[in-house]
Amino acid sequence: MTDPIASAYRLLEASLVYSEGREVGTIASLDAHAPAENYADCFVRDFVPSALVFLLDGRSGIVRNFLALVLRLRDQQEEVEGHRTVAKVMPASFRVHCDENGNEQIHADFGDRAIGRVAPVDSMMWWLILLVAYERISGDQAFTRSPECQRGIRMILNICLQDRFEIFPTLLVPDGSFMIDRRMGVYGHPLEIQALFFGALKAALAMLDDAHPENRGVREHSAKRIGQLTEYVRHYYWLDEDRLNRIHRFRTEVFGHDSENALNIHPESIPDWVSDWLPVDAGYLVGNLGPGRMDFRFFALGNLLSALFGLTDADQSRAMMRLYEQRWDDLMGMMPVKICFPAMQGGEWRLKTGSDPKNIPWSYHNGGNWPALLWAFVAAALQAERPDLARRAFDSAATRLARNGWPEYYDGRNGRLMGRRANFNQTWSATALIVADKFLNDPSSLDVLSLKGYGKTHEEDPEQGDTG
Ligand code: GLC
């Protein structure tokens, strides 16, 4: 039988994308029969585990090429008529085209071509987080502190910190603006965006150079926002037995500054599954929060990134891992990691997905299992001192994934079946396994993603080490 890691590396090498003779990214899927044309693009979010492999293998030049290219592409974005100077975001994906004379053109998708025209809000945040990882490994400040990079960082923060119609310290986004890039009732203040926003703010503090005087204002703003965001998420998004009891008995319709139920959540909106499902000594961050709205679904990547970047405190991260341990079949099943739990069914599925046949219950984004999330689980588990869970997840994925040909996702309540419309040879399914393997073999390699020590998080627990 072939070694899964060796087979994952073969897929990674075959997925490399070149521009002007240099490696600049990896394509999302090498499946010739992929259901959508854009799987041949290099997606920014899909490149993250590829980048981690390259960094940890001493091939940081590829990551630099990618970061420089995405930064340049941002300026390709066209303005939409009727909008005042559009704030520039980074693309969801790009592709290198070659005409018959061998001239190259790079086409980027800013959501203007994507299925459903979804806004790739997560791209710029991943870019910033990768920039820190790149500097940490390569030490190449000539690039990261260059005027172009510094300007890029400021532009990202200007978009994120701009005042629009905000009441909360969290970031308001449209539906499908991150890994879940289809309509799924994830508009508003979805957790994954808040975790990435937190990571991006910390990354900005790590990267903004005081030698550029224009950086000082944004720096101050970012530091303040980190504090507010942290306090807000740790309090309002957190759900454990105690908190559930409080919400269950919430008084509603209370006006003024000091209502415990500030968002006017109606206890009647707690879904039936929650109280039986939530173990006594465990907890998690809920999926979304807004006026009169608490989305109780468990979204894996938002929770795992929160634990990894330190948006949750140490106790909360440990409680989250106890949830995984005690609800393993639901949240990991036969192929880690379930993207969200539980799936939406019936009327809720019709209303919130727009009757999307790709997102039927327990499939794809609506409760499917995604191997691409494995690296984040392993990283968060190791960070929360649960190497046993990290190992268990890795072992349950490795052999089957390689044997099945690196599917994009799995279907079913326990992730038993290969996804009905899943691609094979999905690059991030393979690179996630390689990264997980590296983290497990050498937990100190997790340091590549560490954002600790940047920005105060009002950490109650000094052992976490956020010193500001
Ligand atoms: C799907 C996923 C998205 C991913 C893309 C390429 O659209 O929902 O998260 O980036 O495929 O793999």
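**Figure 1. The whole protein chain and its surface.** Accessible areas come from the Shrake-Rupley method with a 1.4 Å probe. In this predicted model, the protein chain exposes about 19400 Å², of which carbon and sulfur atoms supply 49%. Buried residues make up 61% of the 468 residues in the chain. The mean positions of the 50 positive and the 63 negative charges are 2 Å apart.

**Figure 2. The overall fold of the protein chain.** The chain contains 17 helices and 13 strands, and its C-alpha trace spans about 70 × 60 × 50 Å along the principal axes. When contacts between residues at least 6 apart in sequence are considered, 69% of them join residues that are at least 24 apart.

**Figure 3. Cysteines in the protein chain.** A disulfide is a covalent bond between the sulfur atoms of two cysteines. Here a pair of cysteine sulfur atoms is counted as a disulfide if the two lie within 2.5 Å, and by this rule the count comes to zero. For Cys42, the closest cysteine sulfur belongs to Cys98 and is 16 Å away, so the two are too far apart for a bond. Cys42 is buried, with a relative accessible area of 1%, and Cys340 is also buried, with a value of 0%.

**Figure 4. Ser60 in helix 3.** Ser60 lies in helix 3, which covers residues 60-74. With a relative accessible area of 16%, Ser60 counts as buried, because buried means under 20%. If its neighbours within four places in sequence are left aside, Ser60 is in contact with Phe54, Leu55, Tyr134 and Ser138.

**Figure 5. Gln162 in a loop between two helices.** Gln162 has its place in the loop between helix 6 (147-161) and helix 7 (191-207). This residue is partly exposed, with a relative accessible area of 38%. Gln162 and Ser7 are 155 residues apart along the chain, and their C-alpha atoms are separated by 45 Å.

Figure 6. Another cis peptide bond joins Phe341 and Pro342, with an omega of about -10°. Pro342 is placed in the loop between strand 11 and helix 14 (346-353).

Figure 7. Although Arg117 is not a glycine, its phi is positive, at about 55°. Arg117 is found in the loop between strand 5 (104-109) and helix 4 (121-138), and this residue is exposed, with a relative accessible area of 55%. Glu385, which is likewise not a glycine, has a positive phi of about 60°. Its place is in the loop between helix 15 (374-383) and helix 16 (387-404), where Glu385 is exposed, with a relative accessible area of 61%.

Notes:
Residues numbered from 1 in each chain as written. Predicted model: local features only at pLDDT ≥ 70, side-chain atom pairs only at ≥ 80, totals over all residues. Heavy atoms only, no water. Buried < 20%, exposed > 50% of the residue type's maximum accessible area, 1.4 Å probe, protein only. Helix = DSSP H or I, 4+ residues; strand = E, 2+ residues; numbered from the N terminus. Contact = heavy atoms within 4.5 Å. Lys, Arg positive; Asp, Glu negative; His and termini not counted. Charge placed at Lys NZ, Arg CZ, Asp CG, Glu CD.
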